[in-house]
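Biologist: I would like to learn how to read a model like this one, feature by feature. Please give the general idea each time, and then the case at hand.

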Amino acid sequence: MESGLITVTHADADGVLSLATLMMVMGDRMRVYFSHPNGLLSTLKRIESEKLYIFDIAGSKESIIEAARSGEVLWIDHHIWEPQIRPENVSFCIDSSAKSACSLVSRYFNITAFEKIADEIDTNTVTSSEADKVRKIIGHFKGMKDSNKHFLHFAKKLAERGLEALEDYREEIIAYEDELRSFEELVKRYSRVKQVNGIKIAVVRTPRRIPVYVAYNVLTRHDEAPFDIIIVTSRMSDRVELRTHTGYDVLRIARIFGGGGHRVASGARADVEDVLTAISFLK
Ligand SMILES: [Mn+2]
């Protein structure tokens, strides 16, 4: 078994801020893997350590079994799920009422740093300039080939210097603002509105990947808004992201396809037409 600490965290803003929070407590001498709901199992199959932390990603029976091969496991998450098994070396800290995983990590380690920013980003209610900057920096890195390397470096800098570190990222922010304008154009151009089973749906299927929150925000200004269900996907993706303007339970739809998340923000591996068919059969 490899010694030391491994952290597996979500490759998004909440995951990076959770990691930065941990690094404020433990320092940055650890191995880090960025993962996502569909990739977690294969990430966990590759690793084993004395200590393993998992942040902001829901598990399954299979992924819990893989995680439990490590010595001591701490699993912190805020998605809606319940561990099917509870090996004695795995501690779960799962609270779906938390706005972000970062807020749970902060509470667990008793530290105040980035939880407000993570809450704003994860609930798409960004009001502070710090949250706006973090979202843009992450958004810029996400489009890059070696995004994980950039996420890790960003987390280390945040842990070291706090929000002061945001000053170092002016160029990334400006670059992302340009990308943002093109994402907004794509949403306008590739949205279509559907009425299925009395439910108002916007489908956004773009030629290349765009951040889901951009689709959500652009559609709030659509003539036919608000939408009960927003389906976001791209031509090269086999996944759909689901959101709602009206509080419709989109987790229920994601679950039909083996996906998960939150009631107002979920995702699954599925085809748009299949999702529309499933909605047409809902009672
Ligand atoms: Mn999260």
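Biologist: What share of the residues in the chain is buried?

Modeller: Keep in mind that this is a predicted model. A residue counts as buried if 20 or more other C-beta atoms lie within 10 Å of its own. Buried residues make up 44% of the 283 residues here.

Biologist: How compact is the chain as a globular protein of that length?

Modeller: Start with the secondary structure: the chain has eleven helices and eleven strands. Its radius of gyration is 19 Å, close to the 19 Å from the globule rule for 283 residues, so the chain is as compact as a globular protein of that length. Along the principal axes, the C-alpha atoms fill a box of roughly 55 × 45 × 30 Å. As for contacts with a separation of 6 or more, 52% are between residues 24 or more positions apart.

Biologist: Which domains does the domain assignment give?

Modeller: The assignment gives domain 1 (2–173) and domain 2 (190–281). Their C-alpha centres lie 25 Å apart. Eight residues from domain 1 and eight residues from domain 2 take part in the contact.

Biologist: Where does UniProt place the feature "domain: DDH"?

Modeller: The UniProt entry, which is unreviewed, places that feature at residues 8–123. In the model, this span is 38% helix and 22% strand, and its end C-alpha atoms lie 22 Å apart.

Biologist: Now a single element. Which residues of helix 5 are buried?

Modeller: Helix 5 is mostly covered, with six of its eight residues buried. They are Glu115, Ile117, Ala118, Glu120, Ile121 and Asp122. To see what covers the helix, look at the packing partners: its buried residues pack against helix 1 (13–26), helix 4 and helix 6.

Biologist: What follows helix 5?

Modeller: Asn124 does, and its phi is positive, near 50°. The general idea is that most residues other than glycine have a negative phi. Asn124 sits in the loop between helix 5 and helix 6 (129–142). This residue has 14 other C-beta atoms within 10 Å, so Asn124 is partly exposed.

Biologist: What is phi of Asn110?

Modeller: Phi of Asn110 is near 55°, again a positive value in a residue other than glycine. Asn110 lies in the loop between helix 4 (101–109) and helix 5 (115–122).

Biologist: Which residues does a cis peptide bond join?

Modeller: Most peptide bonds are trans. The bond between Ala225 and Pro226 is cis, with omega about 5°. Pro226 belongs to the loop between helix 9 (212–220) and strand 8 (229–234).

Biologist: Which unit do strand 7, helix 9 and strand 8 make?

Modeller: Together they make a right-handed β-α-β unit. To read the hand, point the strands away from you; the crossover is right-handed if the path from the first strand over the helix to the second runs clockwise.

Biologist: How many bridges join strand 8 to strand 9?

Modeller: Three bridges do, and strand 9 (residues 239–243) runs antiparallel to strand 8. Ile230 stands opposite Arg243 of strand 9. The link from strand 8 to strand 9 is a hairpin through four residues. When you inspect such strands, remember that side chains in a regular strand alternate between the two faces of the sheet.

Biologist: One last position. Where is Gly71?

Modeller: Gly71 is in the loop between helix 3 (61–67) and strand 4 (72–77). There are 14 C-beta neighbours inside 10 Å, so Gly71 counts as partly exposed. The C-alpha atoms of Gly71 and Asn89 are separated by 6.8 Å, while the two residues are 18 apart along the chain.

Definitions and conventions
Residues are numbered from 1 along each chain as its sequence is written. This is a predicted model: local features need pLDDT of at least 70, side-chain atom pairs count only at pLDDT 80 or more; totals for chains, interfaces and linings use all residues. Helices (H or I, at least four residues) and strands (E, at least two) are DSSP runs, numbered from the N terminus. The radius of gyration is taken over C-alpha atoms; the globule rule is 2.2 Å times the number of residues to the power 0.38. A residue is buried if 20 or more other C-beta atoms lie within 10 Å of its own, exposed if 12 or fewer, and partly exposed in between; C-beta atoms are placed from the backbone. Two residues are in contact if their C-beta atoms, placed from the backbone, lie within 7 Å. Two strands pair if DSSP finds at least two bridges between them. UniProt positions are given in the numbering used here, feature names are shortened, and annotations may be inferred rather than shown by experiment. Domain bounds come from an automatic or database domain assignment.
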